Amino acid sequence: MKIVYTDNNATTKVADEVIEEMLPYFGELYGNPSSMHTFGDQVGKKVKEARQRVADFINADPDEIVFTSCGTESDNAAINAALIAFPEKKHIITSNVEHPAINNLYQHLKKTKGYEVTFVPVDKKGLLDLDLLYKSMSDNTAIVSLMWANNETGVLFPIEEIAKKTREKGILFHTDAVQAAGKIPIDVKKAGVDMLSLSGHKIHAPKGIGVLYVKKGFKFSPLLIGGHQEKGRRGGTENTVSIIGLGKACELAKENLPIMNTEVRGLRDYLQTGLLEKIPGSSVNGDLEQRLPNTLYIGFDAVEGESILLLLDREGICASSGSACTSGSLDPSHVLMAMKVPFKSAHGSIRFSLSHYNTKEEMDIIITTLVPVIQKLRDMSPFWKDGKMV
Amino acid sequence: MWDYTDQVKDHFLKPRNVGELKGANAIGETGSLNCGDALRLYLKVNKNERIMDASFMTFGCASAVASSSALTEIIKGMTLDEAAKITNDDISDYLGGLPKEKMHCSVMGQSALKKAIANFRGVQILSKPGQIVCECFDVTDLEIIDAVKANGLETTEDVTNYLKAGGGCGQCLDRIEEVLESVKAKG
Ligand SMILES: Cc1ncc(COP(=O)(O)O)c(C=O)c1O
């Protein structure tokens, strides 16, 4: 069966070029990049090249790039460093739609360390309440952390605008750009953020490699205390193979960025229009404009997400859902709840997230498969009769 | 991905007895759109109180659909007295077991069946006895006590898996713990 992979916000295919770049370093070139000998140093040189490529991708200096084990570690390291830098400040700010990497960390800090946490709410479209955000900033605020793009809805927060305010007030600002990277342009200098997280596996590099951008001048304390690696900002022998792969992936992502905004956006819009037209009782979650070009999060009234996913899975279509039943929790995703998406469509919300590997033909397969799938489930649903909700 | 048995998959992909039942003379409904699953069970019962036919309409995940389908197959041909003895375990066993996080789907089947039988017999189940513990999923202390005793539940997590109670906002988890302790204390 041919796989139609439209779950790229969950993870992406490792690009062939990336694999090719990494292969020698799995094999013969196994040296330690910190070694004095030439054998290790040739790996060191390659890691240096990768650092440059990552830096170029986000317009940073290579010295501002810290390699980590994943996006989650980058997020944790950023917040950890902020709290160590400002031990007297006991207030932290984020939104109520963050990825668990930030959300659960903040909950943990609140519970175990007594931090006062402001979870700034979003509106029905998933857009941030900026007034409330600005009002909650105070002298006691150690850090503001906000995602650049939401992993479920793809909705974007105005990072550059917010950074202006945090700079004015002298508050540290971290952004989780794990979903934004490779989909919209990222320029740390223009954005004016202090720290920024990336994750390799969302941009066609392997899983288990992340980046934390740390702006020059910030006195950064490491999360993993150990050796001198990463200039003392992250102990542990580098994951050289993945770093080298990530370097290549960043180079490719930079090249492919225009395609994201044209071709991939076109495919997403084509899928969106097709589904809205052919399936009554469907609606898009999240703001239509302030949104990643690759993400479509669409809710179907009166049906449940896990059932939809399993029927799509039988046809080789990979997507994900914000339904309770797929996650093991009982409420629909916290993002949909925060947006107050009505239950009638929240439970039946499916996320399609595309990459430049997708084709128009695949979008047609999704549309022609999904129409009868939704019909089948609605024929079974006590909340659907004669073409509408009851 | 959930670990579903072949029977669950089969009943999900080819559900038996789906749709409204013409001539049904008993209906039992449970769950809601907000909860994420709901089941409407239709029965056609003859004058000897035998279930001549049964059907269902379900909104929910694969195991909710499969539990509903299994339930209708199990009870067809039974008398109401026999059907009244069906438990959520019978439904789960019929399907070769459900993941523990999904046991509430089989509980939903049992509950709809109870209501359909009461509906046929003209017994009104007005408000539920006991005190509401979980506001999100409308679960009472008596329901929790029953489920704990019937299924030998040990932890609040077990209670959530069976009744959903505590799985929403989580505010009642301490209260569930108290109910659990009280059952344990009584032995
Ligand atoms: C917004 C966001 N932040 C952080 C992460 C975590 O990244 P990782 O899986 O590399 O830890 C993800 C990915 O799941 C994400 O979507």
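Reply: Happy to! In chain B, ten residues of domain 1 are in contact with seven residues of domain 2. Please keep in mind that this is a predicted model. The domain assignment places domain 1 of chain B at residues 6-120 and domain 2 at 132-186, and the C-alpha centres of these two domains lie 23 Å apart.

How much area is buried between domain 1 and domain 2 of chain B? The value is about 750 Å², and carbon and sulfur atoms give 49% of it. Three residues stand out on the domain 1 side: B:C35, B:K100 and B:H104 supply 52% of the area that domain 1 buries against domain 2, more than any other three residues.

One salt bridge is counted between the two domains of chain B. The side chains of B:D37 and B:K164 meet in a salt bridge, with N and O 3.0 Å apart. On the domain 1 side, the helices α4 (88-94) and α5 (103-120) of chain B each supply at least two of the touching residues. The largest share, three residues, comes from α5(B). Sorted by class, this side of domain 1 has three nonpolar, two polar and five charged residues.

Chain A has a domain contact of its own. Its assignment gives domain 1 in two stretches, 4-11 and 257-389, and domain 2 as 16-252. Here the contact takes 26 residues from domain 1 and 29 residues from domain 2. The area buried between these domains of chain A is about 2,300 Å², with 56% from carbon and sulfur atoms. In domain 1 of chain A, the residues that lose the most area to domain 2 are A:L257, A:L292 and A:M339, together 24% of what that side buries. One salt bridge is counted between the domains of chain A, and A:K125 and A:D287 meet through their side chains in a salt bridge at 3.7 Å, N to O.

Next, the two chains also touch each other. This contact takes 26 residues from chain A and 32 residues from chain B. About 2,300 Å² is buried between the chains, and carbon and sulfur atoms give 68% of that area. Two salt bridges are counted between chain A and chain B. A:K385 forms a salt bridge with B:E20, where the closest N and O atoms are 3.3 Å apart. The touching residues of chain A divide into twelve nonpolar, five polar and nine charged.

Finally, there is the ligand. It is surrounded by 13 residues, and the closest are A:T72, A:D176, A:Q179, A:S199 and A:K202. A polar side-chain atom of A:D176 lies 2.6 Å from a nitrogen atom of the ligand. For A:K202, an N or O atom in the side chain is 2.8 Å from an oxygen atom of the ligand.

Conventions:
Residues are numbered from 1 along each chain as its sequence is written. Chains are lettered from A and ligands numbered from 1 in the order in which they are written. This is a predicted model: local features need pLDDT of at least 70, side-chain atom pairs count only at pLDDT 80 or more; totals for chains, interfaces and linings use all residues. Side-chain values use heavy atoms; hydrogens and water are left out. Domain bounds come from an automatic or database domain assignment. Contact means heavy atoms within 4.5 Å. Buried area is the accessible area (1.4 Å probe) that two parts lose on being put together, summed over both. A salt bridge is a side-chain nitrogen of Lys or Arg within 4 Å of a carboxyl oxygen of Asp or Glu. Ala, Val, Leu, Ile, Met, Phe, Trp, Tyr, Cys and Pro count as nonpolar, Asp, Glu, Lys and Arg as charged, and the others, Gly among them, as polar. A residue is near a molecule or strand if one of its heavy atoms lies within 4 Å of it. A polar contact is a pair of N or O atoms within 3.5 Å; within protein, one must be able to donate a hydrogen and the other to accept it, and residues adjacent in sequence count only if both atoms are side-chain atoms. Helices (H or I, at least four residues) and strands (E, at least two) are DSSP runs, numbered from the N terminus.
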